[in-house]
Amino acid sequence: MAHSVEPVISDLAARGLYNLGEVHRNLSTAELYEHALLFDEGKCTEHGALLVNSAPYTGRRANDKFVVEEASSKADVWWGKVNKPFSEEKFNALKARVFAYLQGRDVYVQDLMAGSDPNYVLPVRFVQEYAYHSLFVKNMFIEPTTEQLESFAPGFTVITVPEFKSIPEIDGTLSEVFIILSFEQKLVLIGGTSYAGENKKSIFTVLNYLMPKLGVMSMHCSANIGKDGDTALFFGLSGTGKTTLSTDPERALIGDDEHGWSNDGVFNYEGGCYAKVINLNAEAEPIIYGLTRSFGTILENVVMDDDTRVIDLDSQEITENTRASYSREMIPNIAPNNRGGHPKNVVFLTADAFGVMPPIAKLTPEQAMYHFLSGYTAKVAGTEAGVKEPSATFSTCFGAPFMVHHPSVYANLLRDKITQHGSTVWLVNTGWSGGPYGVGKRMRIAHTRAMLRAALNGDLNNVEFTKDAFFGLAIPTSCPGVPDDVLNPRNTWADTAAYDKQAAHLVDLFRKNFEQFADSVTEAVRSAM
């Protein structure tokens, strides 16, 4: 049900947003569907999901993201390629142009919460041009209670104007797209792109700035809880299986992407999921597959037959980065209150396209620090002529694009939490085995689930481990439901000399990448590889 707009109009006017058209506050899912269809923002699929197309921008625009350089936050920010500075003068000028653009235009407002722990909740007001963006954030964040809405005061405001294109020569941006955060003004401006994920990740970036200052470990990870109340975390970059593996019928989901770890345990920042759905199938991922066929779900950049309204989850015609946004409440097995206890197990996921990392390994505390700071995964070989080798990707803390402080801030928090609560850390490779991409095969999801189940249930506590010669990792010699020869990647290669060469190459890439952190860690961590 829509709520009174007078408080919103007054608040926006106080920010300088005057003479808006109609303000639609907190519309229901059904109402937002009606608006999205009426204004041709999307189409309805045969099963009731809302299908939208964000082309030409079908993914995050990391190069177009900036942080305003302000006296109050300047010393805290890890400036560089990730956090590019934007002058206050230019930001205020661009803000004035965006506000002028919105005069006379209808907007959709959603008042929502980020953070399920009441001690660390951030009220966020989203002001948007598109109805489907309003539905997206309604899916993705936590809806306030009636009482919370009565006294709602936004801690941050996000203004999204995809139809407004910036002019680099005037605005100081790098393209027509911009995602700019001001910590002092508690404001995010997003324009030039309709890719919905920018709304979600901008608030994650904000929380990554705010939470460590309060002693909370801010994490790009999914989380779930077992039947015995044991919490598990799953860190990983896009495509490593973070959402898939945490959405487990045998374990209650806390959340699939963004969490905080406070002195009281783990809490979800969000109220929904944003799952990658390319090549999704009912057998391997039945829960997420079912949700692609549900009313309330947004399917972003998925291909559909316009006549039959049948979707094609295997098609990459628009992009490989096809997504489904749905409320966490639509999932059959969810953890109460979006929260869990201190993690018993922490899992680092990587999709190693070189085919040399073990499918599961137990990490020492020093190795955990090393691999967390490295944030390794690999991309498969591209289609460019002559390019046959996979490429390594290192994204520190498994989420470099969203980290505001220096990586050591997050790494030290994780170290302290793991040490204090005795968490066991695992490295799981969901990538290739038997050879690199193009030669070997992707790890079977059934084997990965079996290994994770064994690790989380304690079934690996009493098995023998062998030390890997290249990465120094402890590899179990047996695991229920998994053939023994799968566990040691060297045994899966027909040419072991080729394995040795490829493994040595990847170790060298790790060490070169880690040179940037050498001065911020102990010798024990530096020599963990």
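User: How many salt bridges does the rule count here?

Analyst: The count comes to 23 salt bridges, where a salt bridge is a side-chain nitrogen of Lys or Arg within 4 Å of a carboxyl oxygen of Asp or Glu. Keep in mind that this is a predicted model, in which local features need pLDDT of at least 70, side-chain atom pairs count only at pLDDT 80 or more, and totals for chains, interfaces and linings use all residues. Residues are numbered from 1 along each chain as its sequence is written, and side-chain values use heavy atoms, with hydrogens and water left out.

User: What makes Arg-125 and Asp-11 a salt bridge?

Analyst: Their side chains meet at 2.9 Å, N to O, and the rule asks for within 4 Å, so the pair qualifies. Arg-125 sits in strand S7 (residues 122-128) and Asp-11 in helix H1 (residues 6-15), so the pair ties together parts 114 residues apart in sequence. Helices (H or I, at least four residues) and strands (E, at least two) are DSSP runs, numbered from the N terminus.

User: Why is Arg-125 called buried, and why is Asp-11 called partly exposed?

Analyst: Buried means under 20% relative accessible area, exposed means over 50%, and partly exposed is in between (1.4 Å probe, protein chains only). Arg-125 has 2%, so it is buried. Asp-11 has 24%, so it counts as partly exposed.

User: How do you know that Glu-258 and Lys-201 form a salt bridge, and are these residues buried or exposed?

Analyst: The side chains of Glu-258 and Lys-201 meet at 3.4 Å, N to O. Glu-258 is in strand S14 (residues 258-262) and Lys-201 in helix H7 (residues 197-213), so this pair ties together parts 57 residues apart in sequence. Glu-258, at 1%, counts as buried, and Lys-201 is buried at 11%.

User: Which strands form the open sheet, and in what order?

Analyst: There are 5 strands, in the order S2-S3-S17-S20-S16, with mixed pairing; two strands pair if DSSP finds at least two bridges between them. Strands S2 (42-44) and S16 (272-276) each have a single partner strand, so they stand at the edges, and one side of each is left without a neighbour in the sheet.

User: What makes S17 and S20 a pair?

Analyst: 3 bridges join strand S17 (residues 298-300) to strand S20 (residues 323-327), and the rule asks for at least two, so they pair. The two strands run antiparallel, and Glu-300 stands opposite Arg-323 in S20.
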